[in-house]
Amino acid sequence: MSEHRLTKKQARRFLLLKQGLLGAYKFNGKEGICEYVSQAGCIQFDPIDVCGKNAELVLQSRVAGFTKEMLGELLYEDRKLVDYFDKQLAIISIEDWKYFERTRERHRLHGRSRDKVDAVEGEVKRFIREKGAACSKDVPLKETVDWSWNPTTLSRAVLETLYFRGDLIVHHKKSTIKYYALAEDHISSAILLAEDPNKSDADFMKWMVLRRIRSVGMLWNKPSDAWLGIDPMKAQARKDAFAALLAEKAIVACSVEGIADPLYIALEDEELLLAVLSAKTEYERRVEFLAPLDNFLWDRKLIKALFDYDYKWEIYTPVAERKYGYYVLPVLYGEELIGRIELVADKKTNRFNLVRYWPEIGVEPDTAFRRMLGERIERFAAFNGCTTEPGRGLLTFGPEFV
């Protein structure tokens, strides 16, 4: 039985306010980054950098004053955030480390080429303790072993395995190359030795389902990319977790006009939902460019149902089959997904290229949108280290810009 009935407009507004994408920015600077990561649970990481990496794109659309350097500092200097697996490879709060003990334990017990990795584990730890942070090229173990999709060097296999197990963390990165260090040298013993709060696999599944509901803001109990990385979770385990969370009143069921399945929010977000249901005022509109793997977009069927917006990241789609382009970002204007845009930052020339903008069918951009879009592009260029100052790079508008 649904406890709240919403129109689609109210559901859209709730999601956008929860995500910090509507009205005045509620996240600011480095503190705001930590606040958002704490709320979201994780931000999915992807190394491809056309106009910013995915995690950076997620944060630039929500955090006032965000710079790429801020995220690097929080990860590799302040150590308030850490790279680890959640929804695939992700960025999480260091405070959440204890919740992933089950994940680390699975990697201790299983894994490819485990016998060869275990045989040199101590040797590699001693190497890092003596030499400092190291990448796979630094470790003198060049034997080829079975690994993931393709065979790789033993040095890479052992570093990644020890990372999966929690013995190593990413110390820093140079481009896409990871340098690993001993976790005990950079994470406090209080965090490393903390007891796993989840007493059973069922508790872990329940915690992860609630975490993903909080991350998106509102989800249904259906197959979705929003559940990726919860391993091992089958449909029945997900249904059991939903049932348990409902019984504990940790989540609240909602019905939305035109959608047959109930949607669920975390109990702590009910106050925000009630405010949306009673609000009669309009919120300040912003133009934002959303990341391809943005938390808001994790369940694309839900986005289609609520926003009538069909988004597919076409980076792995063959060129001839692409409808739009290689790295195209959804464009949010106020409470509507109004179009999509392809932007490229040329790091060699410091030139920022707007390749093309596609308005949604039937959408006629108004004057305010055009002005705000131009301003947002300028900010986005600066975020990517590009500038429009003479002699220091140009903002280039492609011929197909509308």
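This briefing covers the domains, sheets, pockets and cavity of one predicted model. Local features need pLDDT of at least 70 and side-chain atom pairs count only at pLDDT 80 or more, while totals for chains, interfaces and linings use all residues. Residues are numbered from 1 along each chain as its sequence is written, and side-chain values use heavy atoms, with hydrogens and water left out. The protein is divided into domain 1 (111–186) and domain 2 (287–384), with bounds from an automatic or database domain assignment. The C-alpha centres of domain 1 and domain 2 lie 37 Å apart.

**Sheet E3-E6-E5**

- Three strands form an open sheet in the order E3-E6-E5, with antiparallel pairing; strands (E, at least two residues) and helices (H or I, at least four) are DSSP runs numbered from the N terminus, and two strands pair if DSSP finds at least two bridges between them.
- Strand E3 (42–44) and strand E5 (81–86) are the edges, each with a single partner strand, so one side of each has no neighbour in the sheet.
- On average, neighbouring strands of this sheet are turned by 35° against each other, direction ignored; axes are lines fitted to C-alpha atoms, for helices over the stretch in contact, and angles run from 0 to 180 degrees between N-to-C directions.
- Three bridges pair E3 with strand E6 (residues 88–93) in the antiparallel sense, and Gln44 has Ala90 in E6 as its bridge partner.
- Helix H2 (residues 29–40) lies across E3, E5 and E6, and runs at about 90° to E3.

**Sheet E1-E11-E12**

- A further open sheet of three strands has the order E1-E11-E12, with mixed pairing.
- Its edge strands, strand E1 (4–6) and strand E12 (263–266), each pair on one side only.
- Neighbouring strands here are turned by 40° against each other on average, direction ignored.
- Strand E11 (residues 251–256) and E12 run antiparallel and are joined by four bridges; Val252 stands opposite Ile265 in E12.
- H9 packs on the sheet and touches E11 and E12, its direction making about 95° with that of E12; contact means heavy atoms within 4.5 Å.

**Hairpin E9–E10**

- E9 and E10 run antiparallel and are joined by six bridges, with Lys173 opposite Lys178 in E10.
- Two residues lie between the strands of this hairpin, in which Ser175 takes a positive phi near 60°.

**Largest pocket**

- The largest pocket holds about 1,400 Å³ of space. On a 1 Å grid over the protein atoms alone, a pocket is an open set of points with protein on both sides within 12 Å along at least five of seven lines, a cavity is a set of points where a 1.4 Å probe fits but cannot get out, and lining residues have an atom within 4 Å of a point.
- Grid points are joined across faces, edges and corners, and a volume is the space filled by probe spheres set on the points.
- Of the 44 lining residues, Phe85, Ser148, Trp149, Glu160 and Phe164 are the closest to the centre of the largest pocket.
- E5, E6, helix H5 (101–109), helix H7 (154–165), strand E10 (177–182) and helix H9 (201–216) each supply at least two lining residues, and H7 gives the most, with seven.
- The lining has 19 nonpolar, 13 polar and 12 charged residues; Ala, Val, Leu, Ile, Met, Phe, Trp, Tyr, Cys and Pro count as nonpolar, Asp, Glu, Lys and Arg as charged, and the others, Gly among them, as polar.

**Second largest pocket**

- About 420 Å³ of space lies in the second largest pocket.
- Its lining comprises 20 residues, of which Tyr309, Asp310, Tyr324, Arg340 and Glu360 are the closest to its centre.
- Helix H12 (300–307), strand E15 (336–346) and strand E16 (351–359) each supply at least two residues of this lining; the largest share, four residues, comes from E15.
- By class, this lining divides into 10 nonpolar, no polar and 10 charged residues.

**Cavity**

- The structure holds one cavity of 30 Å³ or more, and the largest cavity has a volume of about 50 Å³.
- Residues lining the largest cavity include Leu75, Tyr76, Arg79, Asp83 and Ile187.
- Helix H4 (68–76), E5 and strand E9 (168–174) give two or more residues each to this lining, and E5 has the largest share, three residues.
- The cavity lining has eight nonpolar, no polar and two charged residues.
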